[in-house]
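Thanks for passing this one along for a look. Here are my notes, written to be read beside the model.

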Amino acid sequence: MAGVKTILAMQYHEYLLQKKQLTRQVLSATNPATDPLLQTQFTLVSAGLHNYLPDIPFGEHQTIFKHIHLYRQLSELEQHCASLVGEMQYPGLGDAHFNLLRKGCILCTYHTGSYRAINLFLLHHRIPFTLVVAGRVLQEKGEQLKAAFRQQKPEGYSEENFTLIDAEAPGAAIRLLRQLKAGRVLVMYIDGNTGSGAPTAGNENACIVPFLGQRLFARSGIAYLAYTAGVPVVPVISYRETYSRICLRFHQPVTAGHGTGREGFVAATTQYLYQLLAGVVQSYPAQWEAWLYLHNMVNIVQVKEPEPLYMPAPLPGNGMLRFNCAEFGIFKADEDYLLFRKSGYLSYPINLELYNLLSHAARTPVERKETNRQLLDLLYVNRVLVCT
């Protein structure tokens, strides 16, 4: 036993070294100003924060963006450190949760904190489980997930105790039901929302849920599956209470009661699961990876309208104008150029000349008297350009 403890301690020490190196590397390399792809990604993340957490000032968006990338990569690193199980905290976890995990249930989790740590927890307690992922994730990360399992699994724990299922494959629902009937635990991420959004809003497994003062198109497949199989949903959400303190919070199971109709249960459960997420996102906004793809599932109902401006003559200050990055972005998509307004995720086609002007104004302020003064005045009135 002493030998095993020594090995685990060595693993944890190595993890701490790699964590320190990775933190320094990611925070220094994640610079939207030098990478067009990161700039586009940052603009969309900033739009998400602008609409869903408007009290966070724009000046903090880039720091949050960098830490989203950091925590995403730390989560991948941490899936290889089995000794983390003994270092984590488990608020809410009780005997009732272990009873359900050994009988079979849906473990609903989220892309927050160290979200892959749930796999380590299940392995440590020798609980057979099936990880349900999107087809793209299975293709890109499937072998990595299998390698992490083989590396961390306890002695005598069969490889059959860990299964990956493509949630988008034909017949996936039948396979998942069979897993539940066999007493397996399904680990499902509710906030991945692959394929969700306005085009699928009418699908049976999609619904609209309130979220942080706005709304989202959300997949409701977890609740449908739980109702059909007659098994409970156990919500588990990961978060970092501090940089070094990882928590897995276990919430009370959700089970359909007698007289509960399917549609009512599905709607109420999906809304409840997102309500739990909202609390953590408000407290730890940089720990939610889904900011990176939130634009695929937004449903904005309260658009923040800008206050109208009037063209003063002369301009206040030194007469210099800069691009309003707090409220707008610009994109180049193939041969198309777009002006993007963050409030409401609205896009407007623009020509190359205006795209170049705004790109320049994002780097260096322009004088009102330069170029096309009438155009600059119009951009100022509409808050696309603001005074320096």
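The points below go from the whole chain to two individual residues.

1. Please keep in mind that this is a predicted model. The chain averages a pLDDT of 87, and 89% of the residues score at least 70. Residues 194-202 have a pLDDT below 50. In the model, that stretch still makes 16 contacts beyond its near neighbours in sequence.

2. On the overall make-up: the chain contains 11 helices and 15 strands. Of its 388 residues, 49% are buried. If we take the contacts between residues at least 6 apart in sequence, 73% of them join residues at least 24 apart.

3. For the surface, the accessible area of the chain is about 18,900 Å². Carbon and sulfur atoms account for 52% of that surface.

4. Is Thr109 buried or exposed? Thr109 counts as buried because its relative accessibility is 1%, and the cut-off for buried is under 20%. You will find Thr109 in strand S1, which covers residues 105-109. Leaving aside residues up to four places away in sequence, Thr109 touches Val187, Met188, Tyr189, Ile190, Asp191 and Val236.

5. Where does Glu155 lie? Glu155 sits in the loop between helix H6 (135-152) and strand S3 (162-166). With a relative accessible area of 74%, Glu155 is exposed, since the cut-off for exposed is over 50%.

Technical notes: Residues numbered from 1 in each chain as written. Predicted model: local features only at pLDDT ≥ 70, side-chain atom pairs only at ≥ 80, totals over all residues. Heavy atoms only, no water. Helix = DSSP H or I, 4+ residues; strand = E, 2+ residues; numbered from the N terminus. Buried < 20%, exposed > 50% of the residue type's maximum accessible area, 1.4 Å probe, protein only. Contact = heavy atoms within 4.5 Å. Areas by Shrake-Rupley, 256 points an atom, 1.4 Å probe, with all protein chains shown as cover. pLDDT = per-residue confidence, 0-100.
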